[in-house]
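This report goes through one protein model, from its overall layout to single residues. The sequence and the structure are shown first, and the description follows.

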Amino acid sequence: MRSGLKITAAVICTVLSVAILAGWALMIAQYYVSEQAQEESSSDLRETDSPAAPVGMILTDTGVYRLFLEANRLYLGWLDEGLAVETDGTAAPGENGRTYRRVTSKAYSSLQDLQKAFASFFSPETCKRLDSLYLETDGVLYRRQGMAVGGVKPLSARLQVTAKDANTCTLVVESDFGGSRKPEQTKYTLEYLDGNWVFTGSFQGSLWFYNEVQ
């Protein structure tokens with residue numbers, strides 16, 4: 001009887017040992033499968049990060065609207081219209097008081113700061129236009145006078161997103177000026193460049209939306 005019990009116990013121990021070894025083998029196999037999956041995932045990520053693959057993310061309509069409002073206010077405030085630029089009449093040295101006046105607005109105290117702000121919303125082509133409007137001398141910022149475009153504010157306007165994917169987005173602003181003048185549509189293009197969504201190509205500021213962002 002005791003011999004039979006010893007044999008049974010030995011069999012049980014053997015079975016348990018085999019089960020434990022099988023469990024360890026399964027864990028090791030799962031580990032290597034997981035490692036391989038991570039390597040493949042990393043490889044896929046590296047391929048996605050390549051220049052030929054989409055690197056942005058699809059913007060929501062609300063996000064597009066917000067970007068346009070902020071870009072539009074910066075553009076009209078500091079580029080063509082200069083609505084946010086205040087000067088005190090002091091002429092830039094060497095300009096005989098006829099072209100450039102000292103900027104007293106507190107938002108941007110240097111040309112570099114202004115260029116950095118524009119680079120957050122616009123492509124380099126638009127940012128370069130700042131060089132023809134501003135100069136900095138001895139740490140003082142000046143703006144060229146008589147360069148405002150003088151646009152007409154429409155009676156109403158609406159913005160509509162027409163297409164978007166991970167790298168590009170197009171939107172249209174339809175402006176109504178009333179009277180016999182037909183509503184005008186202006187197209188804008190957003191592109192994901194160097195990790196940032198910026199407006200590329202021609203940008204025409206909308207006076208209707210200027211005060212939407214404070």
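## Helix packing

A crossing of two helices is called left-handed if the near helix is turned anticlockwise from the far one by less than a right angle, and right-handed if the turn is clockwise. In this predicted model, the crossing of α2 and α3 is left-handed. The two helices, α2 with residues 61-78 and α3 with residues 111-119, pack at an angle of about 145 degrees, and their axes lie 10 Å apart.

On the α2 side the contact is made by Leu 74, Tyr 75 and Trp 78, and on the α3 side by Leu 114, Ala 117 and Phe 118. Sorted by class, this contact of α2 with α3 has six nonpolar residues and no polar or charged ones.

## Overall layout

The protein has four helices and eight strands, and from the N terminus on its elements follow the order α-α-β-β-α-α-β-β-β-β-β-β. Of the 214 residues in the protein, 31% are buried. Among contacts between residues at least 6 apart in sequence, 60% join residues that are at least 24 apart.

## The largest pocket

The largest pocket holds about 280 Å³ of space, and 19 residues line this pocket, with Gly 151, Val 152, Gln 204, Gly 205 and Ser 206 the closest to its centre. The elements that give two or more residues to the lining are α2, β6 (168-176) and β7 (184-193), and β7 gives the most, with three residues. By class, the lining of the largest pocket has nine nonpolar, six polar and four charged residues.

Gln 204 lies in the segment after β8 (196-200). Is Gln 204 buried, exposed or partly exposed? Its relative accessible area is 44%, and because this value falls between the cut-offs of 20% and 50%, Gln 204 counts as partly exposed. When residues up to four places away in sequence are not counted, Gln 204 touches Thr 186 and Tyr 188. The C-alpha atoms of Gln 204 and Asn 72 are separated by 8.2 Å, although these residues are 132 residues apart along the chain.

Leu 190 lies in strand β7 and is buried, with a relative accessible area of 0%. Leaving aside neighbours within four places in sequence, Leu 190 is in contact with Leu 59, Val 64, Leu 67, Asn 167, Thr 168, Cys 169, Leu 171, Trp 197, Val 198 and Phe 199. The C-alpha atoms of Leu 190 and Phe 121, which are 69 residues apart along the chain, are separated by 9.1 Å.

## Positive phi in two loops

Most residues other than glycine have a negative phi. Asp 138, although not a glycine, has a positive phi of about 55 degrees, and this residue is found in the loop between β3 (134-137) and β4 (140-144). Asp 138 is exposed, with a relative accessible area of 75%.

Asp 194, again not a glycine, has a positive phi of about 50 degrees. This residue lies in the loop between β7 and β8, and Asp 194 is exposed, with a relative accessible area of 84%.

Conventions
Residues are numbered from 1 along each chain as its sequence is written. This is a predicted model: local features need pLDDT of at least 70, side-chain atom pairs count only at pLDDT 80 or more; totals for chains, interfaces and linings use all residues. Side-chain values use heavy atoms; hydrogens and water are left out. Axes are lines fitted to C-alpha atoms, for helices over the stretch in contact, and angles run from 0 to 180 degrees between N-to-C directions. Contact means heavy atoms within 4.5 Å. Ala, Val, Leu, Ile, Met, Phe, Trp, Tyr, Cys and Pro count as nonpolar, Asp, Glu, Lys and Arg as charged, and the others, Gly among them, as polar. On a 1 Å grid over the protein atoms alone, a cavity is a set of points where a 1.4 Å probe fits but cannot get out, and a pocket is an open set with protein on both sides within 12 Å along at least five of seven lines; lining residues have an atom within 4 Å of a point. Grid points are joined across faces, edges and corners, and a volume is the space filled by probe spheres set on the points. Buried means under 20% relative accessible area, exposed over 50%, partly exposed in between (1.4 Å probe, protein chains only).
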